[in-house]
Amino acid sequence: MQIDPKTALYLEFLQFSINENVPAPQSIEKMDWEGLFQFGVEQTIVGVLFHGIEKLKDHSHKPSVVHIGRFYAYYQRIAALNKQVFQDADSLTRGFKKKFGVDTCVMKGQANALLYPDPYMRTPGDIDLWVDAKPIKIIQMARTFDANAEIGYHHIQTKCAKTPVELHFFPSFMGNLFYEYRLRKYFNKHKDEQFRNSQALPDNLGQINVLTPAFDRVFQLSHLMHHFFFEGIGFRQMIDYYYLLKAGLTNEEKTETQQMIQHVNMKKFAQAVMFIMQDVFGLEEKYLLFAPNKRIGEMLKNEILQSGNFGFHDKRYTFGGKSVYSQYLLEIYRNLHFALDFPSETVWGRPVSRWWHMFYKAWLRRQTLKHTSTQP
């Protein structure tokens with residue numbers, strides 16, 4: 001897909017917004033500020049773009065007061081939401097320890113926001129809380145807050161804070177069950193470290209446990225890969241990974257991360273992500289995990305531009321409102337477009353693993369009912 005000049009300028013401005021060493025685009029006088037705002041809404045990165053606008057305070061081609069005001073108002077709403085989610089994350093961390101005696105770890109979301117130059121500029125979502133307990137126990141905890149909490153394959157959605165919460169049995173999964181087995185072994189091997197990695201929140205909003213950088217580099221890549229093959233992925237999640245890599249790593253750490261990524265068959269996807277990191281975001285070569293793959297990277301970039309945040313703006317495929325079986329068939333059809341490059345996920349993986357997910361969720365429901373009925 002050929003990128004139109006307006007979108008190319010939006011991407012230049014995005015690179016300027018996240019990279020302090022990049023000058024403002026030379027063609028900024030041609031910027032469609034209303035179009036940039038809509039681009040930010042579709043990709044859920046308005047706060048990030050506002051960070052770039054703040055850098056234009058002395059620029060002769062900065063946006064009008066009206067446009068600045070619109071970005072600023074949106075940023076203020078994001079900042080207020082971030083403050084609430086930070087507070088909820090702290091409350092959940094303390095509450096689960098006090099009420100259930102278990103440790104938790106915040107993944108993605110507010111943990112990622114701490115890596116941004118402004119922790120309030122990232123548009124927040126729900127809280128992904130990894131809980132140090134068995135799945136049945138986690139489901140029982142969730143049901144104390146919400147009797148109708150929905151059981152998923154690797155988490156359960158519940159209402160235990162003002163912010164929507166997903167309580168995770170394990171962090172993430174692969175479409176291919178063989179490589180998921182390897183990924184789960186890695187998660188279990190380094191699990192204890194994650195529940196001891198405490199970090200303070202900004203403005204004395206509390207304390208949470210977050211993933212260690214080494215663990216996070218593997219986990220977040222698996223999360224990106226999962227959503228690429230289901231629904232779609234947007235620039236917000238890619239920017240999360242940019243700031244994670246921008247934090248830096250030693251040669252030894254890079255080697256360990258590379259080996260683990262190859263062990264779970266994510267190298268080719270990682271090379272596409274590295275293309276986004278370098279071509280779109282301007283990340284220096286020393287921070288890249290692998291050499292970028294331009295061909296697959298261009299495909300990934302086009303998918304991001306067409307689908308928006310989590311595929312919500314993709315006019316080609318609509319998963320929302322469809323039955324589980326309709327989603328299954330649509331996912332297979334969509335992923336066949338990527339079968340030549342990713343056969344283990346699209347051909348030998350997801351068409352099979354989705355059935356395993358269904359049986360496993362049914363087993364969890366039966367076991368939960370069994371434990372509930374045997375309690376005094």
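On the α1 side, the residues in contact are Leu11, Leu14 and Ile18. They meet Phe235, Ile239, Tyr242 and Tyr243 in α10. By class, that contact has seven nonpolar residues, no polar ones and no charged ones.

Lys6 pairs with Asp32, and the closest N and O atoms are 3.0 Å apart. In general, side chains of opposite charge can pair when their charged atoms come close. The count of salt bridges comes to 17.

Next, α7 and α9. Helix α7 is residues 177-189 and helix α9 is residues 213-229. Their axes come within 11 Å and cross at roughly 150°. Angles over 145 degrees count as roughly antiparallel, and that makes α7 roughly antiparallel to α9. The crossing is left-handed. Which residues in α7 meet α9? They are Leu183, Tyr186 and Phe187. Their partners in α9 are Ala214, Phe215, Val218, Phe219 and Ser222. This contact has seven nonpolar residues, one polar and no charged.

The last pair is α12, residues 267-280, and α13, residues 294-307. Here the angle is about 70° and the axes are 8 Å apart. The two helices are therefore roughly perpendicular to each other. The α12 side of the contact includes Lys268, Phe269, Ile276 and Asp279. On the α13 side, the residues include Lys294, Gly297, Glu298, Leu300 and Lys301. How do the residues of this contact divide by class, and how many are charged? Nine are nonpolar, one is polar and five are charged.

Finally, confidence. The chain averages a pLDDT of 92, and 95% of the residues score at least 70. Confidence is highest in strand β7, residues 207-209, at 98. The lowest is in helix α14, residues 324-335, at a mean of 78. Where pLDDT is low, the predicted coordinates should not be read in detail.

Conventions
Residues numbered from 1 in each chain as written. Predicted model: local features only at pLDDT ≥ 70, side-chain atom pairs only at ≥ 80, totals over all residues. Heavy atoms only, no water. Axes fitted to C-alpha atoms, helices over the stretch in contact; angles between N-to-C directions. Helix = DSSP H or I, 4+ residues; strand = E, 2+ residues; numbered from the N terminus. Parallel < 35°, antiparallel > 145°, perpendicular 65-115°, else oblique. Left-handed = near helix turned anticlockwise from the far one by under 90°. Contact = heavy atoms within 4.5 Å. Nonpolar A, V, L, I, M, F, W, Y, C, P; charged D, E, K, R; others polar. pLDDT = per-residue confidence, 0-100. Salt bridge = Lys/Arg side-chain N within 4 Å of Asp/Glu carboxyl O.
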